[in-house]
Amino acid sequence: MGQGRQPRRVQPHDGELGAAVARAQDGDEAAFAVAYRIVQPGLLGYLRGLVGDEAEDVASDAWLEIARDLGRFKGDGAGFRGWTATIARHRALDYLRRQRVRPRPGAIEQDVLDLPGPHSTHDQALESLSTERALELLRGLPRDQAEAVLLRVVVGLDGTAAARVLGKRPGAVRTAAHRGLKRLARQLGVGSEAGEGVTDETSRTLGESE
């Protein structure tokens, strides 16, 4: 699958998530609740970037489909995050088609900005944002960059998984996320003293090959 050169991005709760999903597939309702608790914050943040205030309703529709099709899922915790993001994106696009509007990146709220992650330039950039500033800056990004940032940073997918969600090549998604994060960091003044070091550090974080 082309992942040999780039290590898979592992989130702190992926092991717990994978175990919970396996138990949920055996009918353990409490385990499904654990999986929901782990995945929902990032998924909701991603949907807020697409549909704004309708995110919770769209997420509810997505979780109904996730629960219905859970037995068909095969994979680990990281794979489950990607699978649920794909379902959520489809439901968001369905909603937007019904509303005859285009996805509008940007409506990230503070609970999403507070999600844990590795200490790096892109995390510093997000942690520096207030809700209002997030709306302003992310709305200013091209759609491909905004959605790539949401999937990479908020949902926590690696480049290959994000590419599957978006139906694009991994390199294109990594490039879009890299450019979006670099632009956010530059506007926030993060890493300004290091000059081009912001670019290098962000590239390493995103798994860019040198």
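A residue counts as buried when its relative accessible area is under 20%. Leu-150 has a relative accessible area of 1%, so Leu-150 is buried. The model described here is a predicted one. Its chain has eleven helices and zero strands, and buried residues make up 50% of its 210 residues.

**Overall make-up**

- Read along the sequence, the pattern of the chain is α-α-α-α-α-α-α-α-α-α-α.
- Of the contacts in the chain with a separation of 6 or more, 70% are between residues 24 or more positions apart.
- The chain exposes about 10600 Å², and carbon and sulfur atoms supply 47% of that area.

**The nonpolar cores**

- The largest nonpolar core has 44 residues. Those with the most contacts inside this core are Tyr-46, Val-51, Phe-80, Leu-151 and Leu-157.
- At least two residues of this core come from each of α1, α2 (29–51), α3 (55–69), α4, α8 (143–155), α9 (159–166) and α10 (170–188).
- Helix α2 supplies the largest share of this core, with ten residues.
- Leu-151 is in contact with Tyr-46, Ala-85, Gly-156, Leu-157, Ala-162, Val-165 and Leu-166, if its neighbours within four places in sequence are left aside.
- There is also a second, separate core of five residues. Among them are Leu-138, Leu-141, Ala-146 and Leu-184.

**Helices α1 and α4**

- Two packed helices are described by the angle between their axes and the distance between the axes.
- For helix α1 (residues 14–25) and helix α4 (residues 77–99), the axes come within 7 Å and cross at roughly 75°.
- Sorted by class, the contact of α1 with α4 has four nonpolar, two polar and two charged residues.

**Helices α9 and α10**

- The axes of α9 and α10 come within 8 Å, and they cross at roughly 105°. These two helices are therefore roughly perpendicular to each other.
- From α9, the contact uses Gly-159, Thr-160, Ala-162, Ala-163 and Leu-166. From α10, it uses Pro-170, Val-173 and Arg-174.
- By class, this contact of α9 with α10 has five nonpolar, two polar and one charged residues.
- Helix α9 is mostly covered, with seven of its eight residues buried. The buried residues of α9 are Gly-159, Thr-160, Ala-161, Ala-162, Ala-163, Val-165 and Leu-166.
- The cover over the buried residues of α9 includes α2, α4, α8 and α10.

- Glu-65 lies in helix α3. Its relative accessible area is 19%, so Glu-65 counts as buried.
- Asp-69 counts as buried because its relative accessibility is 10%.
- Asp-69 and Gln-25 are 44 residues apart along the chain, and their C-alpha atoms are separated by 9.8 Å.

- Leu-141 lies in the loop between α7 (131–139) and α8. Its relative accessibility is 5%, so Leu-141 counts as buried.
- Leaving out residues up to four places away in sequence, Leu-141 touches Ala-146, Gly-180, Arg-183 and Leu-184.
- One of these, Arg-183, is 42 residues from Leu-141 in sequence. The C-alpha to C-alpha distance between Leu-141 and Arg-183 is 8.2 Å.
- Leu-150 is placed in helix α8. Leu-150 and Arg-48 are 102 residues apart in sequence, and 9.6 Å apart in space, C-alpha to C-alpha.

Notes
Residues numbered from 1 in each chain as written. Predicted model: local features only at pLDDT ≥ 70, side-chain atom pairs only at ≥ 80, totals over all residues. Heavy atoms only, no water. Axes fitted to C-alpha atoms, helices over the stretch in contact; angles between N-to-C directions. Helix = DSSP H or I, 4+ residues; strand = E, 2+ residues; numbered from the N terminus. Nonpolar A, V, L, I, M, F, W, Y, C, P; charged D, E, K, R; others polar. Buried < 20%, exposed > 50% of the residue type's maximum accessible area, 1.4 Å probe, protein only. Contact = heavy atoms within 4.5 Å. Areas by Shrake-Rupley, 256 points an atom, 1.4 Å probe, with all protein chains shown as cover. Core = buried A, V, L, I, M, F, W, Y, C linked by side-chain atoms within 4.5 Å. Parallel < 35°, antiparallel > 145°, perpendicular 65-115°, else oblique.
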